Amino acid sequence: MARRTVTTAAALAATAALLLTACGGGDDSSSDDIKGADKGSGSPSASASASASADVDRPKITLPKNFQLTFEDWTSSDPETQALLTDAKEQLRAGYAAIIANEPDGGEALAFYDTRPGLSQDQQWIKSYTGKNLTVFGKLPAFDPKVSFATNKKAASLSYCTDESKAYSKNRKTGDVAGNPAGTDPLISYNVSLAKNAQGVWQNLSTRSERGACSR
């Protein structure tokens, strides 16, 4: 299978064409919602500390019951690793929440968890759905996360996998539903670059993907 390596927007836009997840319905907060309302800075800062993010108000992110974005084994006994995993998880939830809410700019939550370049990429990804009047629903597990920190602990990379086999998209007007085409590998590997901002929040810089690079 040919390798597909692209930035977040294109990666997930390409995924959208195949995964075509769709979602709608009323809001239902999941147990891992993070509450608050503060917009993150657009660029990382070298002054961030490991514990600073605990004092930062975070946006509340809700997803409807018919879109189950789950995170398997996204826990760590290391506080720094757990802080990164928590922020990365909320960034992904914020992106899908924007698609479901039909917010092409991503909304405040995604801006909180993205750097400026990361937000620009993610807005293109979101528009690959909203521009076609698509939403998402179904089940999308994210699993096998692995974190690697730079020496100064202010930059890091995160890899994880998703399984799109039970995730779908739906046209808001026609109700047409689509999923992965027959014969398409539903497992996708992601590699995310992150940086810690002045408030100690881990923000996405970019994401690359490769379909068929995971096992389950």
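User: Cys 214: buried or exposed?

Analyst: Buried. Cys 214 has a relative accessible area of 12%, under the 20% cut-off. Keep in mind that this is a predicted model.

User: Which residue does Cys 214 form a disulfide with?

Analyst: Cys 161. The two sulfur atoms sit 2.0 Å apart. The S-S bond has -85 degrees about it, which makes the link left-handed.

User: What does the pair tie together?

Analyst: Cys 161 is in strand β5, and Cys 214 is in the segment after β9 (202-211), so the link joins parts 53 residues apart in sequence. Cys 161 is buried too, at 8% relative accessibility.

User: New topic. How many residues in the largest nonpolar core?

Analyst: It has 40 residues. Phe 67, Leu 69, Trp 74, Tyr 96, Leu 158 and Tyr 160 have the most contacts inside it.

User: Which element gives the most to this core?

Analyst: α2, with 10 residues. Other elements supplying at least two each include β3 (67-72), α4 (116-130) and β5 (155-163).

User: And what does Trp 74 touch?

Analyst: Leaving out residues up to four places away in sequence, its contacts include Leu 85, Lys 89, Phe 143, Pro 145, Leu 158 and Tyr 160.

User: At what angle do α2 and α4 pack?

Analyst: About 35 degrees, with the axes 9 Å apart. The crossing is right-handed.

User: Which residues make that contact?

Analyst: From α2, Gln 91, Gly 95, Tyr 96, Ala 98 and Ile 99. From α4, Asp 122, Trp 125, Ile 126, Tyr 129 and Thr 130. By class, that is 6 nonpolar, 3 polar and 1 charged.

Technical notes
Residues numbered from 1 in each chain as written. Predicted model: local features only at pLDDT ≥ 70, side-chain atom pairs only at ≥ 80, totals over all residues. Heavy atoms only, no water. Core = buried A, V, L, I, M, F, W, Y, C linked by side-chain atoms within 4.5 Å. Buried < 20%, exposed > 50% of the residue type's maximum accessible area, 1.4 Å probe, protein only. Helix = DSSP H or I, 4+ residues; strand = E, 2+ residues; numbered from the N terminus. Contact = heavy atoms within 4.5 Å. Axes fitted to C-alpha atoms, helices over the stretch in contact; angles between N-to-C directions. Left-handed = near helix turned anticlockwise from the far one by under 90°. Nonpolar A, V, L, I, M, F, W, Y, C, P; charged D, E, K, R; others polar. Disulfide = S-S within 2.5 Å.
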